[in-house]
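This report is meant for a reader who is meeting the structure for the first time.

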Amino acid sequence: MPFASLGLVDDLARAVAARGYTMPTPIQSQAIPAILAGRDLLAAAQTGTGKTAAFTLPLLQRLQTRPETRMPAGRPRALVLAPTRELAAQVADSVRVYGRHVAPRTALVVGGVSMKPQCDALRRGVDILVATPGRLLDHLSQKTVSLAGVEILVLDEADRMLDLGFLPAIRRLLALLPRRRQTLLFSATFADPIRQLAGDFLHEPAVIDVAPRNAPADLVEQQVHPVEQTDKAALLGRLLSAGERDATLVFTRTKHGADRLSRQLEREGIRTAALHGNKSQSARTRALDDFKQGRIQVLVATDIAARGLDIVQLPRVVNYELPHVPEDYVHRIGRTGRAGRAGLAISLVSADEMPRLHAIQRLLGRKLPSSVVEGFEPNPAKRARAPVAAPSASARHHHAHRAAGASTGERPAAHRPARPETTAHDASRRRNKAHHQTRRVATTGDRA
Ligand code: AMP
């Protein structure tokens, strides 16, 4: 059993096997022995690499194999800090799943929900506390928790915590922890602020870098569809109802945009919910639950709300709008094609977003395949670069004929890798219902 050969005790190896994992992922193979040996760790690993188990399993074992010192009320032995409520909840779930045979006392302390049940749980005593920084500080000021007994600290998605402005909170929290402790820092990147944090708080850490920086999982097929901004909702509706009605996570840039789009999709009969920071915690939990259980097909989310979401077998991610920060593109598409499964990432890109697309392509070091969906041709007059002349009526006819013939018997998936087509389309085609139904795709080469 390869997990056992990493030094995990039987109780943990069994829990892993019960989840169906046969082989450790690269981050697990490297991190687990180092953590078990008591070392500090600095690990570059994105969501989807198996990083949660990489720290949860050895953390459980460290607590288990040390002398059983039942901590008094409100004094956890291990603290995991995560940037968002959803991510913290997922870590707490993992602790329960992997710890089923060792039964650690776990508490989740996040904002947006009542303090009272959290206080009760802390008072009963916890081994492992999973928290977001803000709410943990609230508890500290109310003296419902003490960090004086923390033996192991995990900073999960540290880069995102810094992005979200949690650096002062983290420094305040770190000052309250015992100096003698084990610290594990996970981050998608090793940017300078992360290195500085590591330099200040880690002691001779083992350094692990499993994925090259900003490299999305190889298994994600990426596709760009240039489209008019005003046509995006209709195109999305089309993509969502085409083919196999795959579960899809859709990204918008604003909370308001997420709400509006989700209402629009509902009107088209697509089961949808929006996930963002203005929703109550119970609405967010319900939306995520409905999505995971397949009761809704589409989750429309903002970057922050979606960060770190662990949804197994998410086949498709759609960028309804491109993010301003190119790195966020990589985070977004990391939601699909996880842990060895293939995924598809589609970006709907309007002319004014072309500079953002170029920035993303520069970051990735390559051009993304781009194709225009028939019926949704961007208006040539509004294209950012190299407008293409509208075809003559006879060329249109010729193309329509070929397209209809070629599509016979094919799966009508607009997001399949498109075969090269040279004919440009006229926007008026969009109004032609017959063409709407052929769901053909034509590449525009590198016009994007
Ligand atoms: P994470 O990077 O922690 O968000 O994990 C990504 C996904 O990979 C989660 O759905 C895990 O359940 C799954 N996973 C973690 N470890 C393994 C493994 N060794 N083999 C297969 N799947 C795994």
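## Pairing in the sheet

Two strands are taken to pair if DSSP finds at least two bridges between them. In this predicted model, strand E8 and strand E13, the latter made of residues 343-349, run parallel and are joined by seven bridges. One of the residues involved is Glu221, whose bridge partner in E13 is Leu344.

## The whole sheet

E8 and E13 belong to an open sheet of six strands, which pair in parallel and follow one another in the order E8-E13-E12-E9-E11-E10. The edges are formed by E8 (220-226) and E10 (272-275), and because each of these has a single partner strand, one side of each is left without a neighbour in the sheet. On average, and with direction ignored, neighbouring strands of this sheet are turned by 20° against each other.

## A helix across the strands

Helix H15, which covers residues 326-333, lies across E8, E9 (248-251), E12 (316-319) and E13, and its direction makes an angle of about 155° with E12.

The crossing in which H11 passes H12 is right-handed.

On the H11 side, Ala233, Leu236, Gly237 and Leu240 take part in the contact, where they meet Leu261, Gln264 and Leu265 of H12. Of the residues in this contact between H11 and H12, five are nonpolar and two are polar, while no charged residue is present.

Conventions:
Residues numbered from 1 in each chain as written. Predicted model: local features only at pLDDT ≥ 70, side-chain atom pairs only at ≥ 80, totals over all residues. Heavy atoms only, no water. Helix = DSSP H or I, 4+ residues; strand = E, 2+ residues; numbered from the N terminus. Axes fitted to C-alpha atoms, helices over the stretch in contact; angles between N-to-C directions. Contact = heavy atoms within 4.5 Å. Left-handed = near helix turned anticlockwise from the far one by under 90°. Nonpolar A, V, L, I, M, F, W, Y, C, P; charged D, E, K, R; others polar.
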